[in-house]
Every structure is written in C-alpha cells, then in structure tokens.
Amino acid sequence: MVAIASLAQGCAGVGASSPSAEMSGRLDESGVTVVAVLTARPDGTGQVHAVFTPQKTGYHLYSMDLPPGGVNGLGVPTTVTVDGSLRVAGRPTANVPVSDVRIEELDVDLPVYPDGPVTIAVPVRRAGNGRAEVVVSYGACSPSNCLAPVRDRVIILAPVKA
C-alpha cells in the first residue's frame with residue numbers, strides 16, 4: 001500500500017486520501033460526460049478508465065480506431081492519452097465492440113461504438129511527480145445530428161475522497 005499511496009502523492013502533488021489511491025476527474029462538454037479514474041498498483045503502474053456517456057439517448061461515439069482525420073474528414077476518434085506525471089504503458093482497449101455506420105449518401109462506413117456509454121482503459125505508469133492529467137478527444141452523433149467535436153481536452157485528476 002505504501003507504493004500505491006506514493007503513486008497518488010507523486011501524481012497529484014498531495015497526499016492520497018484513501019487506501020485505494022484512486023484519483024478522478026470529470027468533463028462535461030458537447031453533450032457528453034467523461035469521468036476519468038486512475039487506479040494504481042503497488043509496482044508503480046496503473047490504469048486509467050475513461051467513461052464517455054452521451055447525455056441524451058440515441059447518441060454514439062466514434063471508435064478509437066477511426067483515423068485521426070476521420071474518414072473523408074468525417075468523425076472524430078475517441079481518444080484517451082495521459083500527460084503530466086503519467087505515461088501510457090500499453091494499448092488502450094474499449095469495453096464494447098465496434099460496428100460500422102453506413103452513410104449511403106456519402107458512400108462511407110464509419111466505425112462507432114453502440115449508442116450509450118463506452119469505457120476506454122489505458123495502462124499507465126508514473127513518470128515523476130506532479131499532477132496527473134488525462135487528455136480526451138471525441139465526437140458524438142445520433143442518426144440525424146452530430147454534436148460539436150471535442151479535441152484534446154485535459155482532465156486534471158485529484159484524489160478520491162473516502
């Protein structure tokens with residue numbers, strides 16, 4: 001537990017307030033709520049889980065497998081990276097499968113997650129002291145409407161209060 005507390009202290013710049021040393025942060029922007037949680041292991045590694053939840057029913061998020069510029073300029077990939085005192089230590093994974101949405105008028109298939117929430121998990125490791133940051137990008141759409149894309153928004157993580 002000392003190593004976990006040390007990770008939380010090093011990442012946040014303050015003492016951990018719980019034995020689990022979880023840290024979290026939240027973003028509400030462009031019709032989507034993102035809650036990011038960092039959990040730490042005794043070996044100094046950890047995992048960030050970012051839960052993207054559209055605020056209205058019938059909206060989906062684009063897959064993290066969508067190319068950075070979209071397909072023919074359409075779509076914004078859902079991305080989760082880290083900054084500050086954290087470094088990515090492995091490939092991100094999603095908790096739901098990807099399917100394609102076909103836009104016949106444009107002759108385009110776009111990889112998306114099912115309507116509703118999606119969780120992206122990213123293995124991380126500590127890389128010094130300072131605050132822990134999660135950086136997210138995403139685009140949310142329904143069959144008839146797309147919300148303004150969100151790019152490179154920083155979520156600052158703070159210790160979870162017991």
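How many helices and strands are there in the protein? There are 1 helix and 14 strands, where helices (H or I, at least four residues) and strands (E, at least two) are DSSP runs numbered from the N terminus. Before we go on, a word on ground rules: this is a predicted model, so local features need pLDDT of at least 70 and side-chain atom pairs count only at pLDDT 80 or more, while totals for chains, interfaces and linings use all residues. Residues are numbered from 1 along each chain as its sequence is written, and side-chain values use heavy atoms, with hydrogens and water left out.

**Stop one: strand 10**

Select residues 118–126, which make up strand 10. (Two strands pair if DSSP finds at least two bridges between them.) Zoom in on Val48 and you'll find Val122 of strand 10 opposite.

Next, pick residues 86–88, or strand 6, which is also antiparallel to strand 10, with 3 bridges. Here Val88 has Val124 as its bridge partner. Then go to residues 93–94, strand 7, where 2 bridges make another antiparallel link to strand 10. Ala94 is partnered with Ile120 there.

**Stop two: a hairpin**

Select residues 99–103 (strand 8) and 108–112 (strand 9), an antiparallel pair with 5 bridges. Click Asp100 and look across to Pro111, its bridge partner in strand 9. The two strands form a hairpin with 4 residues between them.

Which residue in the turn has a positive phi? Asp107, at about 55 degrees. Asp107 counts as exposed because its relative accessibility is 55%; the cut-offs are under 20% relative accessible area for buried, over 50% for exposed, and partly exposed in between (1.4 Å probe, protein chains only).

**Stop three: Asp152**

Jump to residues 150–156, strand 13, and find Asp152 there. Asp152 has a positive phi of about 55 degrees, although it is not a glycine. With a relative accessible area of 58%, Asp152 is exposed.

**Last stop: the whole protein**

Zoom out and show everything. Of the 162 residues, 40% are buried. Take contacts (heavy atoms within 4.5 Å) between residues at least 6 apart in sequence: 66% join residues at least 24 apart.
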